[in-house]
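Please find below a short note on the structure under review.

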Amino acid sequence: MTKALLIIDYTNDFVADDGSLTCGKPAQQLENYIVSLANKFYENNDYVIFPTDGHTGDKLSPEYKLFPPHNIVGTLGQQLYDKLNTWYKDHKGSDRIYKFNKNRYSAFQNTNLDNYLRERKIDNLWIAGVCTDICVLHTAIAAYNLNYQITIPTKAVTTFTKHGQKWALDHFKNSLGATLV
Ligand code: ZN
């Protein structure tokens, strides 16, 4: 079984104190564990994938009315947060590292992620990052509908509210058949 670690939206705008849509400290506390997971996958010859919100400020985007501008392509806010950014820069030449922009919550919507995974016979997805009940959730639902096996490392995901975190973890387990570790 070939595995991939998807690290969703772990960027300055979602994680840093001054990020425009930040989950704040709870997100920052995931940092070391997420980096350790990236190392583990990479050293095990598995894949590390960074589906990253990349917006243009388009007023017709459905998110435009819901959230402040965030992860505008090319800005500091769209860069990966701190140690993960360093990790990415150190590994990005590898053919088992893949970073791409997405413009919806789901990493599969309008992207080539499904083809990328199928070409490499990757069938088990670990999904980490933020926010548990928004982009992680929508990515997990899409993965479920495409028959991927899903694992959620619970200490590598967070969101704005405790209620949202709990609800999403229950949903991954009870409705998407995910393994929580
Ligand atoms: Zn967004």
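The numbered points that follow describe a predicted model.

1. Zinc donors. The zinc ion is held by Asp53 (OD), His55 (NE2), Glu63 (OE) and His70 (NE2), at 2.0 to 2.2 Å. Along the sequence these donor residues follow the spacing D-x1-H-x7-E-x6-H.

2. Geometry of the site. The angles among the four donor atoms run from 91 to 167 degrees, and the site is irregular.

3. Aspartate 53 belongs to strand β2 (residues 47-53), whereas glutamate 63 lies in the loop between β2 and α4 (82-91); the two are 10 residues apart and link distant parts of the chain. Aspartate 53 counts as buried because its relative accessibility is 1%, under the 20% limit. Glutamate 63, at 7%, is likewise buried.

4. The structure contains nine aromatic pairs. One of them joins tyrosine 98 and tyrosine 116, whose ring centres are 4.3 Å apart; their planes meet at 20 degrees, and the pair is therefore stacked. Since tyrosine 98 is in strand β3 (residues 97-102) and tyrosine 116 in helix α5 (residues 113-119), the pair ties together parts 18 residues apart in sequence. Both tyrosine 98 and tyrosine 116 are buried.

5. Arginines over rings. Arginine 120 is placed over the face of tyrosine 116, 3.7 Å from the ring centre. The charged end of arginine 96 sits over the ring of tyrosine 42, at 4.4 Å from its centre.

6. Aromatic cluster. Tyr42 also belongs to an aromatic cluster with Phe50, Trp87 and Tyr88.

Terms used: Residues are numbered from 1 along each chain as its sequence is written. This is a predicted model: local features need pLDDT of at least 70, side-chain atom pairs count only at pLDDT 80 or more; totals for chains, interfaces and linings use all residues. Side-chain values use heavy atoms; hydrogens and water are left out. Donors are N, O and S atoms within 2.8 Å of the metal (3.2 Å for Na, K and Ca); water is not among the atoms, so sites may look incomplete. Four donors count as tetrahedral if all angles lie between 85 and 135 degrees; four count as square planar and six as octahedral if opposite donors are over 155 degrees apart and all others between 65 and 115; anything else is irregular. Helices (H or I, at least four residues) and strands (E, at least two) are DSSP runs, numbered from the N terminus. Buried means under 20% relative accessible area, exposed over 50%, partly exposed in between (1.4 Å probe, protein chains only). Rings of Phe, Tyr and Trp (its six-membered ring) pair if their centres lie within 6.5 Å; planes under 30 degrees apart count as stacked, over 60 as edge-to-face and the rest as tilted. A charge sits over a ring if NZ of Lys or CZ of Arg is within 6 Å of the ring centre and within 35 degrees of the ring normal.
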